[in-house]
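Trainee: I have just opened this one and would like a slow walk through it. Where do we start?
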Amino acid sequence: MDKKYIELDDIVLDQILKSETDLHNYSKQVESDLKNHENLDVEKYIKSGDQIVTLHKHLNHCENVLEHTESVLYTFQEELQNITNEITRLQQRSIFMAQQLCNRQSFKGLMHQFIEDVIVSETLISVITTCSVTDEKFSTHLSVLNYKILFVDEQNFKDVKSQNDVKDVYEKLKITATSKIRHFIMEQINKFKKPTTNYHIPQNTLFEYKFLFEFLLNHDSISAQEIYNDYVDALSKVYFTYFKSYLSYLQKLQFEEVATKDDLLAVEDTTSRTLFQKSIKKNTVFTIGNRATVLNEIDNSIIIPHQNNLTNLSFEAIFRSVQYALVDNACREYKFDCEFFKVDQPTAQGLFSQIMGKTLGLLIKHLEHFVENCYDALALFLCGQLSMRYQALCQNRLVPGLAQYWDTILAMIGTRFRFILKRHIQSVKDYDISKFNKEKKPHFVMRRYAELVSAIVSFSENNKCEPELICSLTEEVLGFVLRLATMFKNRKDRLIFLINNYDLVLRILMERVRDSTFEVDRFKEELSARSKDYVDEVLHVYFGGMIKFVTDAENGRDIDSDSRQLGLTKTFISTWKMSLEEINKEILPSFPNLTTGASLLQLAFSQLIDYYHRFQKALLAPNKAQLPNIHVIMIEIKKYKTNY
């Protein structure tokens, strides 16, 4: 019960109790009131009976409508479910049909391609049987035939029955094609065998139609091997004949005068020559001159014997021409072999050796004959440098076919070159110094040494051509010139002789050698030391007393003698100008190289100024005051300054 009504009943009950009303009567009263109200309500209900009946009918009608609506909705839901199921079924069927269509189209394409690959067209038969192998149509249809033959052979392994229908046709076409190709290639190879034919022309033709041999290689190995053997035999003879004839022609143009075993560094030139023997001039043996131009002409065109009436060719010029012809032909041949015969590098190397073997043997034998009798170190040096450059050229062109050939050539040349250098060294050791005429000008051995070494050092790759032997030769020559100097009794003459020789060698070396080398440094060192010795020797002649005084003073010896200082001072004052003139007259004529004489003169005067300055410091003040000012001496010295 609601709390509000409970409170209300309590209030009414409280009022009743306070009024002291009889509860029994009060309840009857209440019951009577309730009855009256009930009767009133029944009466109202009876009066509203028609309306209630109408309301009841309306409710029944609404209930029927709702039931119908519910039935319609249930029916619609069932129909929607059926439609959904039908759509799903149709979708699945559509996917299945699309897959079937795709499979059939794919099968149709494969089947169409298979038929295209297997079928033999009339055009293919006509072109292969009637057209020339050089015809563009033949090359196009040959590629088609090659593909179809390979395809049919592949189906044979898959046990495809339909390939039996066309197999015989393709076999006949293959025989026809290989026969025509073999005939064409053999015809080109036979052109190599004609003496007057330029073999480059048929070789270019073969290279242009290299796909023909590839077809032959795939379908007729016997004919391919026959062509391989015939080509090797033909080209081997072609190259051998060509180089044999070329060498024969060039030998007729070779310079007749050659170095002999007596053309050594320390062997004097002799004018005696027999009527039937000529010897190369010794200056040419040791001086490279314009012979080194061959190193800048490694890729120039080869010498053509019948052009320009060429004569008197050096061996290195002939060697360059022959080796460049070899490199040009060998590189071309190696690349042709790889491309035409479709071989890998090891196989190509063997094929190349078969073709070029006899020719390489011929060239090695020819060089061997020259080397065995060669005493010209520069010719061997230049041939060695050319060989290294051609070896690098082959490496840059990725042609390893001549690697062993270059190793053989370089070993042969290097052995003989070292032998000749050792003979030169030995000739210097064995030189009889008693034959020396005691001339103070540069000795011929020094000039030859300078020319020879400067050529080898300046034109060799990275200055690494036999460095140990060159160093040994340098030290031997330095010892040699010192032995010659001992023949002079006067120390000043010995120094002049040494300076002239060192100066000559150094000038030649520095003209030719770009970088500082062992040889340049050694001779600079010796020249500097001997120049100082010579200057001291000259100054001691004219200013010996002053120099001795300065040395004693600096070494702590007694120099306080006034008479000694006074005598030296008077002597210097009276003679210094004349001494400068005498020094000038003595030094300049002693040296053929005016520049060297001038530099030694200036070195002597510089040393004199230094001694004079030290002399002044050592003197007592009264004696020092009598000496001329150092600037006066320097002004006088400037009069002897030369322009060279």
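Mentor: Let us start with a term: buried means under 20% relative accessible area, exposed means over 50%, and partly exposed lies in between, with a 1.4 Å probe and protein chains only. By that rule phenylalanine 341, at 3% relative accessibility, counts as buried, and phenylalanine 340, at 1%, counts as buried too. Keep in mind that this is a predicted model, in which local features need pLDDT of at least 70 and side-chain atom pairs count only at pLDDT 80 or more, while totals for chains, interfaces and linings use all residues. Residues are numbered from 1 along each chain as its sequence is written, and side-chain values use heavy atoms, with hydrogens and water left out.

Trainee: How many aromatic pairs are there?
Mentor: The count comes to 35 aromatic pairs, where rings of Phe, Tyr and Trp (its six-membered ring) pair if their centres lie within 6.5 Å, and planes under 30 degrees apart count as stacked, over 60 as edge-to-face and the rest as tilted. One of them joins tyrosine 242 and tyrosine 246, whose ring centres are 5.9 Å apart with planes at 5°, so this pair is stacked.

Trainee: Where do those two tyrosines sit, and is tyrosine 246 buried or exposed?
Mentor: They are four residues apart in helix H9 (residues 221-251), which separates them by about one helical turn; helices here are DSSP runs (H or I, at least four residues), numbered from the N terminus. Tyrosine 246 is buried at 5%, whereas tyrosine 242 is partly exposed at 30%.

Trainee: And what sort of pair do phenylalanine 340 and phenylalanine 341 make?
Mentor: Their ring centres are 5.0 Å apart and their planes are at 85°, so the pair is edge-to-face. Both also belong to one aromatic cluster, whose members include Phe192, Tyr228 and Phe336.

Trainee: Switching topic, at what angle do H15 and H16 pack?
Mentor: Helix H15 (residues 444-459) and helix H16 (residues 467-485) pack at about 165°, with their axes 11 Å apart; axes are lines fitted to C-alpha atoms, for helices over the stretch in contact, and angles run from 0 to 180 degrees between N-to-C directions. The two are therefore roughly antiparallel, a label for angles over 145 degrees.

Trainee: Which residues make the contact?
Mentor: With contact meaning heavy atoms within 4.5 Å, those involved include Tyr449 and Val453 of H15 and Leu473 and Phe480 of H16.

Methods:
Angles under 35 degrees count as roughly parallel, over 145 as roughly antiparallel, 65 to 115 as roughly perpendicular and the rest as oblique.
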